[in-house]
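Take a look at the model below. We will walk through its ligand surroundings step by step.

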Amino acid sequence: MARSTPPQGTQLPCDAVAPPSIAWARWSLAALAVLTVAAVLVGFVLLPSVQRDFSAQGLWDSICRAAGVPADWGKSREPVKAGWPGTEVVLARAMAARAGDAAIGRGGTLALNCTMCHGAQGLSASDAPNLAGQYPEVIVKQLMDYRSGHRRSAIMQALAQGLSDRDIADLAAYYAYLPKARTAPTTYDESLPALVRVGAPLRNIAPCIACHGGIDQKFGAPWLEGMPAAYLTEQLAAFRSAERRNDAQAQMRNVARSMTDQEIAEVARFYSRKAGGGGEK
Ligand code: HEC
Ligand code: HEC
């Protein structure tokens, strides 16, 4: 027997529940809006402002910083163009080939002219750079740049004039063979200065250890560990002012251009630290 269906138009019991009131919907929307504004203020303004390194000026600046985008895409952020050929040297793996004893011996004899400034064992007692353990391709490139005038230094330009390609290769072989001031590259560690460890992404500065050893060693990037602080400071300042511009593709000029004096002093102090000093593993 067919079940009786309720006649059309009859109210079902559930219809008895009142429809959500418009007022309630309005309240919940308003509450949502208030919460959103509060969350934005807390996340972008309040929380960043209690960070130790907070330096934003104004609401917009602080929102941009919290969101991780530069507030100012202005001209000062333009990367340095390599421009006028910074160097004529094309780095080749062959420059780093292991040299024979004859080359090292000949280089050692030539190096007697260099000990006055670069030290008897290639470790400078003055503020000249250390050469001991320097990568051979670095010594070759730098001497060639002095010789062609692409890197300026009254002393070194004059000295390099008298060197043949073979002299340069042998000097590089000799210095590469001497033990370094510090034997191990910096390894990643929270105590390293931020620029060395992670760079400054907002300013397009790659970490120093991505090129100078630690994470990676880029071919042609010098060994910095144990160099005199005064020399490091001078070179970074020279890259910043583009007075030194023999770095291919302006690699170092682009790192140094937005570094402050304090940052230069900090990384120079860090790399010049003596073996066993702070930050070393
Ligand atoms: C009178 C002191 C003096 C003598 C002698 C001297 N140098 Fe130098 N050398 C310097 C100074 C100072 C610098 C840093 C110059 C600069 O600011 O570019 C330098 C830089 C260098 C560099 C660049 C190092 C780097 O890390 O970029 C190399 C390579 C070098 N010298 C090799 C030699 C060789 C090889 C000799 C011997 C034939 C020699 N030098 C003799 C003072 C000297
Ligand atoms: C993208 C790779 C790269 C990064 C990142 C980098 N460097 Fe360099 N750096 C180089 C190269 C390549 C040279 C050699 C330039 C040349 O050919 O003259 C150099 C040269 C230098 C020199 C000159 C050394 C000498 O003996 O001539 C100093 C000092 C230096 N870098 C410091 C730093 C510091 C400090 C940092 C981090 C703030 C840094 N670099 C980040 C690639 C890099």
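Start with ligand 2. Of the 23 residues around it, Ala 206, Cys 208, Cys 211, Ala 221 and Asp 247 come nearest. A residue counts as near a molecule if its C-beta atom, placed from the backbone, lies within 6 Å of it. This is a predicted model: local features need pLDDT of at least 70, side-chain atom pairs count only at pLDDT 80 or more, and totals for chains, interfaces and linings use all residues. Residues are numbered from 1 along each chain as its sequence is written, while chains are lettered from A and ligands numbered from 1 in the order in which they are written.

α9 (229-240) and α10 (251-256) each supply at least two of its residues. Helices here are DSSP runs of H or I with at least four residues, numbered from the N terminus. By class, the shell around ligand 2 holds 15 nonpolar, five polar and three charged residues. Ala, Val, Leu, Ile, Met, Phe, Trp, Tyr, Cys and Pro count as nonpolar; Asp, Glu, Lys and Arg as charged; the others, Gly among them, as polar.

Now find Arg 244, in the loop between α9 and α10. Is Arg 244 buried or exposed? Arg 244 counts as buried because it has 22 C-beta neighbours inside 10 Å; the cut-off for buried is 20 or more other C-beta atoms within 10 Å. Its C-alpha atom is 8.7 Å from that of Gly 86, 158 residues apart along the chain.

Finish with ligand 1. Of the 18 residues around ligand 1, Cys 114, Cys 117, Pro 129, Gln 142 and Ser 153 come nearest.

Technical notes. Buried ≥ 20, exposed ≤ 12 C-beta atoms within 10 Å, placed from the backbone.
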